[in-house]
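Here is a short walk through one protein model. Keep the sequence and the 3D view side by side as you read.

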Amino acid sequence: MPESTPSYRGKLSVAQVAGGMNAATQNAARLAADARLLFSNARWLTAASVAALSIEEAGKVVILRRFLTASDEEIRALWKDYRSHTRKNVNWILPDLIAGGARKLDAFRSMVDKDAEHPFLLDTLKQLGFHSDCLGATHWSIPSEVIESDLAEQLVRTAELLSPKRSISIRELELWVKNMKPVWKGVASWDDQRRALADWYADMQRE
């Protein structure tokens, strides 16, 4: 058998970040399509778990973007997040937040709260869709008794929403670095970061 290739843990250029983002979104879209196919054939237990895998892949995009503004000391922690299941699925509550009336940036901050429980909930649902287990006071969990079709459909729709169908360009990431790096992490206030985000969007529109 060929030797396994060790995981990379170093810096990434803007072009490399764009390549990683596009690889993640393409794989997320593939998994979301597989989840939809499974759901359409009444295999909603596996559909839910595959949808969770798709959401994790889409979550890599957020983490990869952080490489563009990270210091040398932060790179190692970012690779740990990149390969962590729970750190990649923080965005899965996005549709619920929107349905609850969230429209402005502040309303979405709960997605990235370090004490939030929703990333662990999705990881648990993913595992329950694949495996039986012994929980609590010797209670045997059976996937068909835990995941119903409504929950599976919600996860499939979320996976489809979070896997965009466009390619991410190097130029848009260069504009991100231009606007966001000066105000990143402890250097500026939340208001400064919001203004920088608006400036990035304006640059995108101009180009």
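A crossing of two helices is left-handed if the near helix is turned anticlockwise from the far one by less than a right angle, and right-handed if it is turned clockwise. Keep that in mind for the helix pairs below. The model shown here is predicted.

Start with the overall plan. The protein has nine helices and two strands. Along the sequence, the pattern reads α-α-α-α-α-β-β-α-α-α-α. The protein has 207 residues, and 39% of them count as buried.

Now turn to the helix packing. Two packed helices are described by the angle between their axes and the distance between the axes. Take α1 and helix α2, residues 44-66. Their axes come within 8 Å and cross at roughly 165°. That angle makes α1 roughly antiparallel to α2, because angles over 145 degrees count as roughly antiparallel. The crossing of α1 past α2 is left-handed.

Next comes helix α7, residues 149-161. The axes of α1 and α7 come within 9 Å, and the crossing angle is roughly 155°. α1 and α7 are therefore roughly antiparallel as well. Here too, α1 passes α7 in a left-handed crossing.

How do α1 and α8 cross, left-handed or right-handed? Look at the axes to begin with. Those of α1 and α8 come within 9 Å and cross at roughly 120°. This pair is therefore oblique. The crossing of α1 and α8 is right-handed.

Go back to the loop between α1 and α2. Alanine 42 has its place there. Its phi is near 60°, a positive value in a residue other than glycine. Alanine 42 is partly exposed, with a relative accessible area of 47%.

The aromatic side chains come next. How many aromatic pairs does a search of the whole structure find? The search finds four. One of them joins tyrosine 8 and tryptophan 79. Their ring centres are 5.8 Å apart and their planes stand at 90°, so the pair is edge-to-face. Tyrosine 8 belongs to the segment before α1, which spans 14-40, while tryptophan 79 belongs to helix α3, residues 75-82. The pair therefore ties together parts that are 71 residues apart in sequence.

Which of these two residues is buried? Tyrosine 8 is partly exposed, at a relative accessible area of 45%. Tryptophan 79 has a relative accessibility of 6%, so it counts as buried. The ring of tryptophan 79 also pairs with the ring of tyrosine 82: the centres are 5.3 Å apart and the planes are at 80°, so this pair is edge-to-face. Tryptophan 79 and tyrosine 82 both lie in helix α3, three residues apart, which is about one turn of the helix. Both tryptophan 79 and tyrosine 82 are buried. Tyr8, Phe67, Trp79 and Tyr82 form one aromatic cluster.

The charged end of arginine 65 sits over the ring of tryptophan 176, at 4.6 Å from the ring centre.

Arginine 171 lies in helix α8, residues 170-180. Arginine 171 is partly exposed, with a relative accessible area of 39%. What joins the side chains of arginine 171 and glutamate 207? It is a polar contact of 2.8 Å. Arginine 171 can also be placed against methionine 204. The two are 33 residues apart in sequence, but their C-alpha atoms are 9.0 Å apart in space.

Aspartate 203 lies in helix α9, residues 190-206. With 6% relative accessibility, aspartate 203 counts as buried, because the cut-off for buried is under 20% relative accessible area. The side chain of aspartate 203 makes a polar contact of 2.9 Å with the side chain of lysine 178.

Methods:
Residues numbered from 1 in each chain as written. Predicted model: local features only at pLDDT ≥ 70, side-chain atom pairs only at ≥ 80, totals over all residues. Heavy atoms only, no water. Helix = DSSP H or I, 4+ residues; strand = E, 2+ residues; numbered from the N terminus. Buried < 20%, exposed > 50% of the residue type's maximum accessible area, 1.4 Å probe, protein only. Polar contact = N/O pair within 3.5 Å; in protein donor to acceptor, adjacent residues only side chain to side chain. Phe/Tyr/Trp six-rings, centres within 6.5 Å; stacked < 30°, edge-to-face > 60°. Lys NZ or Arg CZ within 6 Å of the ring centre and 35° of its normal. Axes fitted to C-alpha atoms, helices over the stretch in contact; angles between N-to-C directions. Parallel < 35°, antiparallel > 145°, perpendicular 65-115°, else oblique.
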